[in-house]
Amino acid sequence: MPAPTQSREDGKQRIAKLLARAGIASRREIERMIAEGRIALHGEKLTTPATATRLFRFHKAQRTITAAHDPKGRPTIYDRLPPGLPRVMPVGRLDFMTEGLLLLTNDGELKRQLELPSTGVVRTYRARAFGTVTQGQLEALAEGITIEGVRYGSINANLERRTGRNCWIEMSLTEGKNREVRRVLEHLGLEVSRLIRTAYGPFTVAGLDPGDADEVPAAELAAFRSTLK
């Protein structure tokens with residue numbers, strides 16, 4: 001299932017453009033078909049060539065790629081999505097072995113807004129790691145850290161529990177650079193054996209098993225968008 005970038009008008013996605021890209025007909029012809037009541041969405045006839053923004057929670061399992069296609073033939077999130085979802089794009093990425101919450105949307109503008117560090121949306125992770133680290137070392141991450149010339153911003157990190165040399169660490173950040181959590185923990189001398197994104201903003205993975213997805217209620221999404229910078 002491809003996930004192209006899509007344009008928007010007045011906060012709504014143009015469904016006519018999507019259908020035209022899919023080769024159904026020309027955009028002008030699709031708009032005429034909508035006007036004639038010949039196209040339905042979710043069982044209801046469309047009266048306008050626009051459809052509202054939607055946001056979904058998806059529990060990504062390990063060993064899946066956050067992409068439409070993988071040259072190596074590995075499974076992608078689109079191979080694992082439950083049936084019935086509309087055409088959606090992932091908000092940010094989770095790497096091959098990282099599991100947990102992945103937000104999906106049909107709205108390119110919302111996707112960009114949620115991904116930008118300047119928007120300040122907090123991503124929360126739990127990491128299981130092997131090695132020795134102190135709470136003091138984790139608290140120092142609040143000042144940011146530079147690793148091999150890459151600057152990572154403030155991270156709120158707490159040592160949840162330790163059993164021997166195995167530990168669970170919770171980390172919250174707003175940048176979400178490529179492999180940020182893994183690289184920071186590896187820099188501290190830890191070997192990450194499991195990484196789970198538990199929350200993205202106010203949305204959590206709670207209640208979803210791997211491979212499950214559900215839609216964020218429209219009222220909840222609207223309330224959240226009103227808080228964005």
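Predicted model: local features only at pLDDT ≥ 70, side-chain atom pairs only at ≥ 80, totals over all residues.
**Exercise 1. Strand β8 and its partners**

Determine which strands pair with β8, and in which sense they run.

*Solution.* Begin with β6, residues 55–60, which pairs with β8 in the antiparallel sense over six bridges; within this pairing, K60 stands opposite G100 of β8. Turn next to β7, residues 89–90, which is likewise antiparallel to β8 and is joined to it over two bridges, with T105 in β8 as the bridge partner of M89. Finally, β14 runs parallel to β8, and two bridges join them; here G100 stands opposite R197 of β14. As for the setting of the strand, seven of the seven residues of β8 (residues 99–105) are buried, so the strand is largely enclosed by the rest of the structure.

**Exercise 2. The surroundings of E99**

Decide whether E99 is buried or exposed, and work out which residues it touches beyond four places in sequence.

*Solution.* First place the residue: E99 is found in strand β8. Its relative accessible area is 9%, and because buried means under 20%, E99 is classed as buried. Next list the contacts, which, when residues up to four places away in sequence are not counted, are K60, A61, Q62, L94, R194, L195, I196 and R197. With Q62 there is also a polar contact of 3.1 Å between the side chains. As for R197, which lies 98 residues from E99 along the chain, the C-alpha atoms of the two residues are separated by 6.4 Å.

**Exercise 3. Helix α6 and the largest pocket**

*Solution.* After the helix comes G189, whose phi is positive, near 90°. Turning to the pocket, the largest one has a volume of about 480 Å³, and of the 24 residues that line it, R93, L94, D95, N178 and R179 are the closest to its centre. By residue class, the lining of the largest pocket divides into nine nonpolar, six polar and nine charged residues.

Note on methods:
Residues numbered from 1 in each chain as written. Heavy atoms only, no water. Helix = DSSP H or I, 4+ residues; strand = E, 2+ residues; numbered from the N terminus. 1 Å grid on protein atoms, 1.4 Å probe; cavity = no way out; pocket = protein on both sides within 12 Å on 5 of 7 lines; lining within 4 Å. Points joined across faces, edges and corners; volume = space filled by probe spheres on them. Nonpolar A, V, L, I, M, F, W, Y, C, P; charged D, E, K, R; others polar. Buried < 20%, exposed > 50% of the residue type's maximum accessible area, 1.4 Å probe, protein only. Pairing = 2+ DSSP bridges. Contact = heavy atoms within 4.5 Å. Polar contact = N/O pair within 3.5 Å; in protein donor to acceptor, adjacent residues only side chain to side chain.
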